[in-house]
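Subject: Structure handover

Hello,

Here is the structure you are taking over, followed by notes on what was found in it. Please read them with the structure open.

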Amino acid sequence: MVLDSMRAVARLLLPTRVRRPIADRVYRTVDALRALRARRGDHRIQRAPALRGSALMRLPARIVGVAARRAGSQWAIARRLATNAARHWIIGAMPLLWARTPPGLVDRVRLRVLHRVLSVLDQRFDGQFRALLSSALPPGQRQRGRRPLLIAAIGTLGPGGAERQLVNTLVGLKAAHDVDIEVLAMYLEEEWQRFFLPTLTDAGVTVTKVVRETDAGALATTGHPAAERLERALRTYLPADLTHVAGYTKIFLERQPDVVHLWLDEVNIKAGLAAVLTGVPQIVLSMRSVNPTHFVFYQPYMKSGYRVLLERMQVSALNNSQTGADDYAAWLGLAKTAITVVRNGIDFDRIGSSESSLGPGLDYRSAHAIPHDAFVM
């Protein structure tokens, strides 16, 4: 009975090339024991002490050990496969969140399951973020004896609306105040990702690319006394989904900024965690448009990330429209007053007023019988 059970377990867990030599040894051992018993009669009690420490008696323990290790390996593989399958399912089902047409019965079931899965993931991320930030440095005071340092962070400097608003804001601040400004970007490899780079550098704003592959161990190079503690927290609690966080953490430890102004959801969460972790005195999360569940770039960690960050006294949130602010507040379960509205600015000085600079605008007015001196937006 026991032998049959062991054989079934071995067939399930062990490949043939591992199982066959072990099986041969087991069968030889069993045959030897049977032959010994036949020759000596029923002397098991007398032989037991001699056999207990022998190689024959240690062999089953070895078999169990090999089987246990193999079972652990198979379980790890199964977990990895299940995790990947679940990730692919979630990615495939995500478009249901922003589908405009009413889903059919099957999609309604999938959507219900998706909401449940996202709820479970939200709780998981919430616990991880809270555990991570339990190691956060206390919010520091503004660095005396130097000009204030503002670090702004965004995904790219490509030709987008949020990117233009960041550039307009920083160029205006640099011109109006005696302040040092640095911009951190996730991606600058492609030419289009550097669209606004010349405008910033001409204004005296430093631009740095965050290294995505930064290891938590790199924090030791900062020489900060809390580097080891923060490294341990990142290795223990940071979800694998969040790259760049160690890179932001290293930069904030080195620079010790007075203000960190973050732009767009992914950067808000990743750099926001790093800013709180390193004790940045003032952190601004700039939300644009409505909440990310309406868009394809939505990630399950974003909701819990926002909630955990906005519980911190040094963290504030902005949106560029009342509709967007209300939508984020409803999504996060916050009061409408929790998110401040700062509408997009327009640099009118860069808009030409002479007829020669209007070009196509004058042609459009002529084609539609609009007076050349009429105000048109």
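L273 sits in helix 10, which covers residues 265–277. The model is a predicted one, and the values below are computed from it. L273 has a relative accessible area of 0%, so the residue counts as buried. Leaving out residues up to four places away in sequence, L273 touches F129, L133, L242 and L309. One of these, F129, is 144 residues from L273 in sequence, yet the two C-alpha atoms are 8.0 Å apart in space.

The largest nonpolar core has 63 residues, and the members that touch the most other members are L234, Y248 and F252. Another core lies apart from it, with 16 residues, including L157, L170, L200 and W263. Which residues does Y248 contact, leaving aside its neighbours within four places in sequence? They are A153, L184, M186, V210, V267, K270, A271 and A274.

For the chain as a whole, these are the totals. The chain has 377 residues, of which 35% count as buried. It contains 14 helices and seven strands. Of the contacts between residues at least 6 apart in sequence, 70% join residues at least 24 apart. The accessible surface comes to about 22,100 Å², and carbon and sulfur atoms account for 57% of that area.

Is L105 buried or exposed? L105 counts as exposed because its relative accessibility is 61%, whereas L273 is buried at 0%.

Next, the charged pairs. Side chains of opposite charge can pair when their charged atoms come close. The structure holds 16 salt bridges, and a few of them are described here.

- D107 and R110: their side chains meet in a salt bridge at 3.3 Å, N to O. Both residues lie in helix 5, three residues apart, which is about one turn of the helix. D107 has a relative accessible area of 26% and is therefore partly exposed. R110 is also partly exposed, at 27%.

- D241 and R124: the side chains form a salt bridge at 3.8 Å, N to O. This pair links distant parts of the chain, 117 residues apart, with D241 in the loop between helix 8 (227–237) and helix 9 (245–255) and R124 in helix 5. D241 counts as partly exposed, with 29% relative accessibility. R124 is partly exposed as well, with a relative accessible area of 40%.

- R232 and E228: the closest N and O atoms of this salt bridge are 4.0 Å apart. Both residues are in helix 8, four residues apart, again about one turn of the helix. E228 has 58% relative accessibility, so it counts as exposed.

- E182, K250, E254 and R255: these residues are linked in a network of salt bridges.

If you want a place to start, look at helix 5.

Regards

Terms used. Residues numbered from 1 in each chain as written. Predicted model: local features only at pLDDT ≥ 70, side-chain atom pairs only at ≥ 80, totals over all residues. Heavy atoms only, no water. Buried < 20%, exposed > 50% of the residue type's maximum accessible area, 1.4 Å probe, protein only. Helix = DSSP H or I, 4+ residues; strand = E, 2+ residues; numbered from the N terminus. Contact = heavy atoms within 4.5 Å. Core = buried A, V, L, I, M, F, W, Y, C linked by side-chain atoms within 4.5 Å. Areas by Shrake-Rupley, 256 points an atom, 1.4 Å probe, with all protein chains shown as cover.
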